[in-house]
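The sequence and structure come first, and the description follows.

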Amino acid sequence: MENLWTPESWQKHTAMQQPNWPDAESYEKILQEISHYPPLVFAGEARALKTQLAEAAQGNGFVIQGGDCAETFAEFKADAIRDKLKILLQMAVVLTYGASCNVVKVGRIAGQFAKPRSADLENRNGEKLPSYRGDAVNDIDFTKKSRTPNPKRMLRTYNQSAATLNLLRAFTKGGFADLNKVHLWNQEFIASSPQGKKYEEIATSIDDALTFMKAVGINSDNTTALHLTEFFTSHEALLLGYEHALTRQDSITGKWYNCSAHFLWIGDRTRQPDGAHVEFLSGVGNPIGLKAGSSISPDELLTLCEKLNPENEFGRLSLITRFGADEIRKSLPPLVQAVKENGKNVLWICDPMHGNTYKSQSGFKTRHFDTILEELEHFFAIHRAEGTIPGGVHFELTGDNVTECLGGARKISDTDLESRYETACDPRLNNEQSLELAFLVTDLLRSK
Ligand code: PEP
Ligand code: CO
């Protein structure tokens, strides 16, 4: 009866987690400007991703979604972008080779600049300033000027996203993601580690297979699948003004698409069924994600499935669960059962990062590799027990050699954290920890 979605209909709903922009006029002017900028992605690409997600939801493929918790203006460097792509490609190869399935590659990149926060204000020694909400909104420095939301930052967000995407497209379409380059993705600093060596073995086997295929006439020139070119972008659709300004009508289908990324998700703090975020994403044609933590009930989840995927299409809705290694055992089964019993077609993805964050003794926000793995193990076990499909993983990671998460093969300890703790928000797996997890996820995928 009501379904009167328009690109503006979200404005009649309550939007949580929006910045208090001090100057409404300049905010509106900037959004106007962005609304005339070219789209960053195209509807056809979003549809291609949706098709792949639909396959993964039915057990024909597996999704890796990963990247920074928050991209920053300071870390805007070709090498950093390339290294993030490298680690995601490496992880994809490990999974494709080990579990013999198509891996859908989705970066948390080229648009992941806005963060929800638990409090509006941050208090340091009695001084209260607006919380850091991501580089799209304000600066992380704790001064009044830096922390005041500045809408001009959305222009920079658009420009950095465009340039990042341009580089990703050049890398993936220009041959860098070709399977003949598998050795190139192994970065020097991990090549000698046990993970790096294990990876080299796979890369060598792939080389052998490619040599054989070449001998029988199959090569990169005549077989596009060898290029591994498909790489998609995603971010949390948090700043609704910005997302709205990049939402355009597709000339082929007449449908509206959010052209700021291929895949957008709704965060755990903004998923109120009557809220503006749910309203906004309910009407765009992109494949979308919904983060679900321990506060969601089966009924609420079903309501959200109906609202976000009324036609019950495969590939449209991914449920990205993030409970924590203990909580998942209690909270995931009732959700899976409700979704199954009500015949809702979804793709289940595990985010083992956000329910496992804590402050270590040394005062750093961190996560332990073992706890991350434990949540993944429960995720696979629960889906196997329920007869549903564990369809993907969602990681916060970087291609750099940072020290933000504890554990892993190098046993990063609390006292190591300070040596390269560089994240602007949540702790990320480093390159080696990410590759190690890819091997472990492969084992989980194989142990059906
Ligand atoms: C995130 O993915 O960085 C995030 C804030 O997640 P969630 O909404 O699940 O807390
Ligand atoms: Co995060």
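The model discussed here is predicted.

**Helix α3 and its packing on α13**

Helix α3 covers residues 78-99 and helix α13 covers residues 431-446; their axes come within 9 Å and cross at roughly 20 degrees. Because the limit is 35 degrees, α3 and α13 are roughly parallel to each other. The crossing of α3 past α13 is right-handed. On the α3 side the contact is made by Ile87, Gln90, Met91, Val94, Leu95, Gly98 and Ala99. On the α13 side it is made by Asn431, Ser434, Leu435, Ala438, Phe439, Val441, Thr442, Leu445 and Arg446. Sorted by class, the contact of α3 with α13 has 10 nonpolar, five polar and one charged residues.

How far apart are the end C-alpha atoms of α3? They are 31 Å apart, which agrees with the 32 Å that the 22 residues should span at 1.5 Å a residue. Of these 22 residues of α3, 17 are buried, and the helix is mostly covered. Just after α3, Ser100 has a positive phi of about 45 degrees.

**Helix α12 and its packing on α13**

Helix α13 also meets helix α12, residues 369-386; the two axes come within 11 Å and cross at roughly 20 degrees. That angle makes α12 roughly parallel to α13. α12 passes α13 in a right-handed crossing. Phe369, Ile372, Leu373, Leu376, Glu377, Phe380 and Arg384 are the contact residues in α12. Their counterparts in α13 are Gln433, Glu436, Leu437, Leu440, Val441, Leu444 and Leu445. The contact of α12 with α13 divides into 10 nonpolar residues, one polar residue and three charged residues. Val441 and Leu445 of α13 are listed in the contact with α3 and also in the contact with α12.

**Helices α10 and α11**

Helix α10 spans residues 298-308 and helix α11 spans residues 327-341; their axes come within 9 Å and cross at roughly 45 degrees. α10 and α11 are therefore oblique to each other. The crossing of α10 past α11 is right-handed. Pro298, Leu301 and Leu302 of α10 make the contact with Pro334, Leu335, Ala338 and Val339 of α11. The residues of this contact divide into seven nonpolar, no polar and no charged.

Lys330 lies in helix α11. Lys330 is exposed, with a relative accessible area of 59%.

**Individual residues**

| Residue | Relative accessible area | Class |
|---|---|---|
| Tyr242 | 4% | buried |
| Asn312 | 24% | partly exposed |
| Ser362 | 39% | partly exposed |
| Lys330 | 59% | exposed |
| Asn125 | 85% | exposed |

Tyr242 is in helix α8, residues 240-245. Is Tyr242 buried or exposed? Tyr242 counts as buried because its relative accessible area is 4%, where the cut-off is under 20%. Leaving out residues up to four places away in sequence, Tyr242 touches Leu31, Ile34, Leu40, Met154, Thr157, Tyr158, Ser161 and Ser260. From Tyr242 to Ala136 the C-alpha to C-alpha distance is 9.5 Å, and the two are 106 residues apart in sequence.

Two asparagines in loops have positive phi values. Asn125 lies in the loop between β3 (121-124) and β4 (127-130), and its phi is near 45 degrees. Asn125 is exposed, at 85% relative accessible area. Asn312 is in the loop between α10 and β10 (317-321), and its phi is near 55 degrees. Asn312 is partly exposed, at 24% relative accessible area.

Ser362 is placed in the loop between β12 (358-359) and β13 (365-366). At 39% relative accessibility, Ser362 is partly exposed. Apart from residues up to four places away in sequence, Ser362 touches Asp414 and Leu417. Ser362 and Ser192 are 170 residues apart along the chain, and their C-alpha atoms are separated by 30 Å.

How values were computed: Residues numbered from 1 in each chain as written. Chains lettered and ligands numbered in written order. Predicted model: local features only at pLDDT ≥ 70, side-chain atom pairs only at ≥ 80, totals over all residues. Heavy atoms only, no water. Axes fitted to C-alpha atoms, helices over the stretch in contact; angles between N-to-C directions. Helix = DSSP H or I, 4+ residues; strand = E, 2+ residues; numbered from the N terminus. Parallel < 35°, antiparallel > 145°, perpendicular 65-115°, else oblique. Left-handed = near helix turned anticlockwise from the far one by under 90°. Contact = heavy atoms within 4.5 Å. Nonpolar A, V, L, I, M, F, W, Y, C, P; charged D, E, K, R; others polar. Expected span 1.5 Å × (residues − 1). Buried < 20%, exposed > 50% of the residue type's maximum accessible area, 1.4 Å probe, protein only.
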